[in-house]
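Grab a viewer and a pencil.

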Amino acid sequence: MGQGLENVRKIYLEGIAGGDARQAVEQYTGHRYTQHSTGVPDGAEGFLAFFEPFLERNPEREISIVRMFEDGPWVFCSAYQSLNGGDAKWVTTDMFYCGSDGLILEHWDTIAAYVEVTDTKSVNDMVGGPSTVDETVDTATTKALVLEYTKQVLQEGDATKLDHFVAVDLIERGAVIGAGREGLADWIGSDDFGSYEFLFNLIGQGDFAMTYGKRHVRGKDVAVFDIYRVSGGKIVEHWMNEEEIGPRENWGNSGKF
């Protein structure tokens with residue numbers, strides 16, 4: 001485990017779940033903390049301006065990290081949050097850039113309401129599935145497959161190429177996407193998919209890879225994390241977390257990207 005990944009884990013579990021936001025942000029971030037969660041200003045004080053009131057509003061916090069991996073200075077983290085006895089349930093996906101000392105320098109995220117498994121289109125849990133990286137799988141191969149899938153299928157909107165990249169019995173965990181490769185094909189061909197406008201970043205470790213990019217859906221821009229698990233040369237599991245990008249005048253920083 002790299003120091004960057006450990007610092008991300010600690011800022012989540014100590015600073016947010018544990019409630020010690022000031023100590024965590026001062027200990028685990030570096031000389032700058034550039035923020036892309038649009039409701040949160042830059043810097044440690046911006047983090048505290050958001051999270052200190054958050055902690056007061058939500059004294060009961062059940063927060064668990066469900067999936068993490070790292071790729072050089074980049075760290076991916078996904079968490080499930082149940083607040084105040086389940087009054088609100090969220091899925092967060094976060095990407096961090098860390099310095100050579102492992103301290104966090106930059107952060108991107110999407111936050112979406114947790115959809116109960118009985119209400120997902122695939123009837124699969126949004127955050128379920130394997131959480132441990134299989135490091136016997138070659139990271140470069142995983143990332144190359146996901147990159148070509150993103151370019152040839154998502155950016156070109158061409159579901160006819162799915163069989164080159166995706167297993168027929170794909171475990172689909174995107175709440176709005178149907179089960180299997182067929183469900184994914186139906187979604188890509190629908191107005192709910194829209195268009196995949198650009199890929200901002202791709203990171204991976206072992207059998208996992210993550211992309212962060214932007215789709216345009218029904219006249220609105222959407223920031224989206226797609227997380228993939230690869231086995232036998234195909235994508236066998238997919239998670240998705242997306243968030244509509246609000247008006248520029250409501251941003252507290254330079255924006256989602």
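**Ground rules.** This is a predicted model: local features need pLDDT of at least 70 and side-chain atom pairs pLDDT 80 or more, while totals for chains, interfaces and linings use all residues. Residues are numbered from 1 along each chain as its sequence is written, and side-chain values use heavy atoms, with hydrogens and water left out.

**Exercise 1.** Compare the span of helix 1 with its expected value.

*Solution.* Start with the limits: helix 1 covers residues 3–17, 15 residues in total. Helices here are DSSP runs (H or I, at least four residues; strands are E, at least two), numbered from the N terminus. Just past its end, glycine 19 takes a positive phi of about 85°.

**Exercise 2.** Describe how strand 2 and strand 3 pair.

*Solution.* Two strands pair if DSSP finds at least two bridges between them. Strand 2 (residues 61–71) and strand 3 (residues 74–83) have ten, and they run antiparallel.

**Exercise 3.** Find the residues with the most contacts inside the largest nonpolar core.

*Solution.* A nonpolar core is a set of buried Ala, Val, Leu, Ile, Met, Phe, Trp, Tyr and Cys residues joined through side-chain atoms within 4.5 Å; buried means under 20% relative accessible area (1.4 Å probe, protein chains only). The largest has 25 residues, and Val8, Ile16, Phe47, Val75, Phe96 and Ile104 have the most contacts inside it. Helix 1 gives the most to this core, six residues. Apart from it lies another core of 22 residues, including Tyr149 and Phe193.

**Exercise 4.** Is threonine 92 buried or exposed, and which side chain does its own side chain meet in a polar contact?

*Solution.* First locate threonine 92: it's in strand 4. With a relative accessible area of 4%, threonine 92 counts as buried. Its side chain makes a polar contact (N or O atoms within 3.5 Å, one able to donate a hydrogen and the other to accept it; residues adjacent in sequence count only if both atoms are side-chain atoms) with the side chain of tyrosine 12, at 2.7 Å.

**Exercise 5.** Where does methionine 126 lie?

*Solution.* Methionine 126 is in the loop between strand 5 and helix 4. Its relative accessible area is 8%, so methionine 126 is buried.

Note on methods. The expected span of a helix is 1.5 Å times one less than its number of residues. Buried means under 20% relative accessible area, exposed over 50%, partly exposed in between (1.4 Å probe, protein chains only).
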